[in-house]
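Hi,

Here is the structure I promised to pass along. Have a look at it first, and then read on for what turned up when I went through it.

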Amino acid sequence: MHRLLRLRYAAHAGSGLVFLAGLGFLLFVLSVDIGVRTQVEVEKFVSRIHETSRHRLEFLDSLRAMSFEGCDETALARLRGGLFEFDLINDAVIFAPGTNDILCTALTGRLSEPITLSGQKKMAGAEPGIFFWMGLTQVPEWGRSKNFLFRSGEVGVFFFDQAEKQLGDGFEYAGFQVLPSGARKLISGRPEVLANYLSLGWNPLERALYAVECLKPKNRACFLIYRHAYVVARDEVIIGCGGLLANLALTFSAFGYLRRHASREMQVSHRIRRAIRAGGAGILCHYQPIVAARTGRVVGCEVLARFDDGLGPVSPAEFIPEVQALGLTWEFTEIILLRAIEELRPLTDVRPRFRISVNVFPVDLTDECAHRLERSLALRIAGETGLCLCLEVLESGVQSWDRMTKFRDFATTQGFEIAIDDFGTGFSNIAQVRRAAVDILKIDRSFIREIGRDEKALRSSLIRPVLDIARSVRARVVAEGIETAEQRAILEELGVDCLQGFYFARPMPIQGFLDHVWMSERMDGGEVIRLQLT
């Protein structure tokens, strides 16, 4: 059951990992797309800024070429005329030669007193001799804080910051200058945009909301824009929803595949094939004692296959047909033989004549498959160690004993015994049994079940003829399915050689079987030998 739970957990966990991986990939795609879109926007924005700056500088150059001398009406007329030609300029000024004193402006006219400016800055990326101020409020018409004044020579152009209008709704920006020390100094826009950008964490989606573009040359003046979440949601809704649906579809597909894989793992045929290919993992041996009818001593055992690979036990009635359908009958038998020989070694070392009965599939005993017997590692070990091995063949599975001559010859050469299992359920007669040259006949439990219940029962009345057949071919008789003391007494009186059934013991794992043999030896007063696995 633990393995079943693991398979189910693996199906859920695996699909969860697929979902997380898909979600991570979707977030990666979104962050890349958002970053690309944001970068495109900042490039457009900087291009517009560059274009407007170029126009303003051209106007500044045209003013400087006019060679103003003072602030007479002629000079003011020239300034005002230029404003009509350049709509990106809000005002123009004339400075006193060699000073930062503004004498007049196009909008105000000649000032009653000159306005002295301080804190001038060099304009990054512009020609030498161009300076600028920002946030001027000395002139009433310049009352807004976001404004700039460019100066070249004795003239200057004034304009309001209209960058956010150029960006449009949903965007914010910060213009900054990269100082020689590498620090970033805000020159326009919103200070919080630059501050948030400088404190960004690892989140790729958050970082994708920002993009930077710098003016050439020397990349000293840069612009940073920030896209609001609702703008991103509007632009990415198709990719996001489509990607999420695709991820859910992939997750459900993966979950279905893993569930089918788990179901396939649960199928008996798949489990049997996997167990055999893994050398027998999950294939177990249980042992049921075979006792001498007259003495009650355990003289042998029948090896019975069980299967439990951690996904739950499977009954022999279910897995044996699957072994046959898979065509892995001999591989299965080889595993049972090797395991039984190894597990019973503590017993066979002290009782060499202890009989080990193992069921074999009739299909593996035909002359066409005789090469398997000769190549079998388990049979070679049994033969070399002189193991008292009995190979049981189901009577109903034998089509013709004439096709098993090589098997009989091989068993005789190796010293193995042959038993017909469930004798009486097939169609064997005395002649066929004699040709088979078997050593043991095992009476089917269906004959034994009726003993003591109905004296006129047909099956139980056939036990004596079976014994007569066995004596005529010099074969011993083992009765299976003994469940009561009355059945034991009657069969012992009839002359059955050995008995087997729940009355004596159920099939049990190896250590339980060794303990049972030890206890029976002790109770019978025989040689007491403590048997255990090493």
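Let me start with a loop. R474 sits in the loop between α17 (463–472) and β19 (476–479). Its phi is near 60°, a positive value in a residue other than glycine. R474 is also exposed, with a relative accessible area of 80%. Before you read too much into any of this, please keep in mind that the model is predicted.

Now for the overall picture. The chain has 534 residues, and 45% of them count as buried. Its secondary structure comes to 19 helices and 20 strands. If you take the contacts with a separation of 6 or more, 62% of them are between residues 24 or more positions apart.

Two helix pairs

The α7/α8 pair is one to bring up on your screen. Helix α7 covers residues 268–277 and helix α8 covers residues 316–326; their axes come within 9 Å and cross at roughly 70°. That angle makes α7 roughly perpendicular to α8, and the crossing is right-handed. Which residues in α7 and α8 meet? From α7 there are V268, S269, I272 and R273, and they meet E318, F319, E322, V323 and L326 in α8.

On the α9 side you will find W330, E334, L337, L338 and I341, which meet L377, A378, L379, I381 and A382 of α12. This contact divides into nine nonpolar residues, no polar ones and one charged.

Aromatics

How many aromatic pairs does a search of the whole structure find? The search gives 17. Among these, F158 and F160 form an edge-to-face pair, with 5.2 Å centre to centre and 80° between the planes. F158 counts as buried because its relative accessibility is 0%, and F160 counts as buried because its relative accessibility is 11%.

F332 and F361 make another edge-to-face pair, at 6.5 Å centre to centre and with 70° between the planes. F332 lies in helix α9 (residues 329–343), while F361 is in the loop between β15 (355–360) and α11 (370–375), so this pair ties together parts that are 29 residues apart in sequence. F332 and F361 are both buried.

There is an aromatic cluster to look at as well: F132, F148, F150 and F159 form one together.

S152 lies in strand β6 (residues 147–152). Is S152 buried or exposed? It counts as buried, because its relative accessibility is 0%. Leaving out residues up to four places away in sequence, S152 touches L60, R64, G129 and I130.

Q39 belongs to helix α1 (residues 2–64) and is partly exposed, with a relative accessible area of 25%. Its contacts, apart from neighbours within four places in sequence, are with A211, V212 and E213. As for L209, it is 170 residues from Q39 in sequence, yet the two are 9.2 Å apart in space, C-alpha to C-alpha.

S253 is in helix α6 (residues 229–266). With a relative accessible area of 46%, S253 is partly exposed.

Cheers

Notes. Residues numbered from 1 in each chain as written. Predicted model: local features only at pLDDT ≥ 70, side-chain atom pairs only at ≥ 80, totals over all residues. Heavy atoms only, no water. Axes fitted to C-alpha atoms, helices over the stretch in contact; angles between N-to-C directions. Helix = DSSP H or I, 4+ residues; strand = E, 2+ residues; numbered from the N terminus. Parallel < 35°, antiparallel > 145°, perpendicular 65-115°, else oblique. Left-handed = near helix turned anticlockwise from the far one by under 90°. Contact = heavy atoms within 4.5 Å. Phe/Tyr/Trp six-rings, centres within 6.5 Å; stacked < 30°, edge-to-face > 60°. Buried < 20%, exposed > 50% of the residue type's maximum accessible area, 1.4 Å probe, protein only. Nonpolar A, V, L, I, M, F, W, Y, C, P; charged D, E, K, R; others polar.
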